[in-house]
Amino acid sequence: QIIDQRGNYSTHLFTEQAINIIEKHDKEGAPLFLYLAFQAVHRPDQVPHEYTLPYQHKNWTERRKTYAGMLSCADEGIGNVTRALKAKGMWDNTLVIFTTDNGGPTETCAINGASNYPLRGG
């Protein structure tokens, strides 16, 4: 059955699906391979408003606040998946590989509020 999820934030949806897979997995059976690739912090630069609230007092651009909110939401999702693994009793036998792509965009492409400091330049 296809469920219309338009209007829901993809980081929340991906987290929810990952948790459902973990909860339904028979940990005594075959191993579980779960590849979870959040779209955050990629375009479009959007995040539910509550994730930008902790950054409103910062002297940052709105774009930077949105980026920080996107990252916070992804961090929350990773934490929720970690808790699900622990609750299922799978954490002690789990290998987590966390990786990101090539860093934040520069002035030459889609600027989204990221910063590559202190590794920017050559």
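The model is predicted. The chain contains 2 helices and 0 strands, and buried residues make up 26% of its 122 residues. A search of the whole structure finds 1 aromatic pair, and charged side-chain ends sit over the rings of W60 and W91.

**Chain as a whole**

- Among contacts in the chain with a separation of 6 or more, 59% are made by residues 24 or more positions apart.
- The accessible surface of the chain comes to about 9,300 Å², and carbon and sulfur atoms account for 53% of that area.

**Helix 1**

- Helix 1 covers residues 10–24 and has 15 residues.
- From its first C-alpha to its last, helix 1 reaches 21 Å, which is close to the 21 Å expected at 1.5 Å a residue.
- The buried residues of helix 1 are S10, T11, L13, T15, A18, I19 and I22.
- Helix 2 is included in what covers these buried residues of helix 1.

**Helix 2 and T66**

- Helix 2 comprises residues 62–87, and T66 lies within this helix.
- T66 counts as buried because its relative accessibility is 17%, under the 20% cut-off.
- Leaving aside neighbours within four places in sequence, T66 is in contact with D45, Q46, V47 and T52.

**The aromatic pair**

- The 1 aromatic pair found in the whole structure is formed by Y55 and W60, whose ring centres are 5.7 Å apart.
- The planes of the two rings lie at 20°, so the pair of Y55 and W60 is stacked; the cut-off for stacking is under 30 degrees.
- Y55 has a relative accessible area of 18% and is therefore buried.
- W60 counts as partly exposed because its relative accessibility is 31%, a value that falls between the limits of 20% for buried and 50% for exposed.

**Charges over rings**

- The charged end of R64 sits over the ring of W60, at 5.4 Å from the ring centre.
- W60 thus has two ring-related features in this model: stacking with Y55 and the charged end of R64 over its ring.
- The charged end of K86 sits over the ring of W91, at 5.3 Å from the ring centre.

Terms used: Residues numbered from 1 in each chain as written. Predicted model: local features only at pLDDT ≥ 70, side-chain atom pairs only at ≥ 80, totals over all residues. Heavy atoms only, no water. Helix = DSSP H or I, 4+ residues; strand = E, 2+ residues; numbered from the N terminus. Buried < 20%, exposed > 50% of the residue type's maximum accessible area, 1.4 Å probe, protein only. Contact = heavy atoms within 4.5 Å. Expected span 1.5 Å × (residues − 1). Phe/Tyr/Trp six-rings, centres within 6.5 Å; stacked < 30°, edge-to-face > 60°. Lys NZ or Arg CZ within 6 Å of the ring centre and 35° of its normal. Areas by Shrake-Rupley, 256 points an atom, 1.4 Å probe, with all protein chains shown as cover.
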